[in-house]
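Please examine the model shown below together with its sequence. The paragraphs that follow lead through selected parts of the fold in turn.

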Amino acid sequence: MLRRTQERFKRLLPGGVGGGRGLVLLVAAALGIWLITGFYRVQPGEQGIELLFGKFVKITAPGLNYWLPAPIGDVILTNVERTNQITVGYRSPSDTGRTGRKIKVPEESLMLTGDQNIIDVEFVVQWRIKDAANYRFNIREPEATVKIAAESAIREVMGQTPLEGALTNQRPEVEAKTRDLLQGILDSYASGILIVAVKQQEVNAPAAVIDAFDEVQRARQDQERLINEARLYRNDIVPRARGEAERVIQQATAYKDKVVRDAEGEAQRFVSVYDAYSKGQEVTARRLYLERMQDILGDTQKIIIDQGAAGSGVVPYLPLPEIQKRQLGQQTEQTNRGADR
C-alpha cells in the first residue's frame, strides 16, 4: 500500500519526487495553505487578541483581519458587548440550575451599617468587558474577582451609611457609591472590566426585628402624610388670607383717598368762600346767613307772624297738618292689624 501510494504521488509531481522543482512546489503549496489559515473575522461586539508565540501583540477591531497562523501566532476572540450579571447575598434559580425560589446566602447579605445596626442586603452587579487583553491576562477568575470586590465595596459603603438612610432615601446614593468604588478597585487590578450597574434587590432589617422596623416605616409614612396634608392646608389658607389682607388694604387706601379728597374739597370751598367774603363782606355774610337759615328751617313747620300788619295780633288757627298726620297714622295702624289677622 505504501509503495502504490508513493508511485501515485510521483506521477502527480512533474519530474518525480526527487526532483528539486517538485519539492519546491510541494513546500510552496503547504506554505500557502498554512498562510491562508491566518485570515480571521472579528464579529461586531467582539475584540480580537493577537498573540505571537503566546505573547500579546495588539487588539483588533471588528472586520476581516489577518495574523500569522499557529503555531507562530494565535487569535483569541472575546465578546465585549455581552452584559454579565453576578448576584450577591442570594442565588437565583438560574444560578443554581434548579427550579423554585431563590436561595439566601446570609454570610454575603448581612453587614453592619454606620450606626452599628445589622442590615440584610441583596444586590446584583452587571458588568461588561472593556479591554479584552487585560481581562484575559491580568486576572485569573474574573467572575470571582468581581463578586469579592463588589461585596467588599458595598460593605464599606454600608459602613458609612445609617440604617434609616440605607432602608429609605439613600438607596440610590449607596448604589452609586458602590459602583464607583467597585470600578476603582477593578481598575487598580487592570482587569479590563466595566461595571455597568449595581442594583439593590431587597434591603431589609434582620428577620428578628423586621416587624419593629416595618412599624417604624408605617409611622414615618403617617408622618409624611400628615406633613403633606398640613402643607396642602397652608397652601390653601395662606393665599386666601393674603387676598383678604390685600382687599382690606385696598379698602383702607380707597377710604383714605376719599377722606383726603373730601378734606381738600372742603378746604378749597372754605378758601373760595373766604376769597368771596374778602371781596364783598356784607353780601357774603348775608348769603351765608340765608343759606344757614335755609338749612335749619327747611324741614320744620313754621308760622310767620307779621307784626306790622293791621289786626289784633295772633289769630287762632286750625292745625290741619297735625290732624292729617294723626289720621294717616291711624289708617296705617289699622292696615297692619288687618294684615296680621
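**A guided reading of the model**

The largest pocket is lined by Lys-104, Pro-106, Leu-110, Asp-120, Glu-122, Glu-202, Asn-204, Ala-205, Pro-206, Ala-207 and Ile-210. These positions belong to a predicted model, and the description should be read accordingly. The volume of this largest pocket is about 190 Å³. Two strands, β10 (118-129) and β11 (193-204), each contribute at least two residues to the lining. Sorted by class, the lining of the largest pocket comprises six nonpolar, one polar and four charged residues.

The loop between β9 (110-112) and β10 holds Gln-116. Although Gln-116 is not a glycine, its phi is positive, at about 65°.

In general, the strands of a sheet pair through backbone hydrogen bonds, in either a parallel or an antiparallel sense. The open sheet considered here has three strands in the order β3-β2-β5, and its pairing is antiparallel. Its edge strands are β3 and β5 (73-79), each of which pairs on one side only. From one strand to the next, the twist averages 25°.

How many bridges join strand β2 (residues 46-52) to strand β3 (residues 55-60)? There are five, and the two strands run antiparallel. Among the residues involved, Leu-52 has Lys-55 of β3 as its bridge partner. The hairpin formed by β2 and β3 has two residues between the strands, and in this hairpin Phe-53 adopts a positive phi near 55°.

The pairing of β2 with β5 is likewise described in the antiparallel sense, and it extends over seven bridges. Ile-49 has Ile-76 of β5 as its bridge partner. In a regular strand, as a general rule, side chains alternate between the two faces of the sheet.

The loop between β4 (63-66) and β5 contains Pro-71. The peptide bond that joins Ala-70 and Pro-71 is cis, with omega at about 5°.

Helix α9 (residues 210-279) and helix α10 (residues 281-297) have axes that come within 5 Å and cross at roughly 130°.

Note on methods:
Residues are numbered from 1 along each chain as its sequence is written. This is a predicted model: local features need pLDDT of at least 70, side-chain atom pairs count only at pLDDT 80 or more; totals for chains, interfaces and linings use all residues. Side-chain values use heavy atoms; hydrogens and water are left out. Axes are lines fitted to C-alpha atoms, for helices over the stretch in contact, and angles run from 0 to 180 degrees between N-to-C directions. Helices (H or I, at least four residues) and strands (E, at least two) are DSSP runs, numbered from the N terminus. Two strands pair if DSSP finds at least two bridges between them. On a 1 Å grid over the protein atoms alone, a cavity is a set of points where a 1.4 Å probe fits but cannot get out, and a pocket is an open set with protein on both sides within 12 Å along at least five of seven lines; lining residues have an atom within 4 Å of a point. Grid points are joined across faces, edges and corners, and a volume is the space filled by probe spheres set on the points. Ala, Val, Leu, Ile, Met, Phe, Trp, Tyr, Cys and Pro count as nonpolar, Asp, Glu, Lys and Arg as charged, and the others, Gly among them, as polar.
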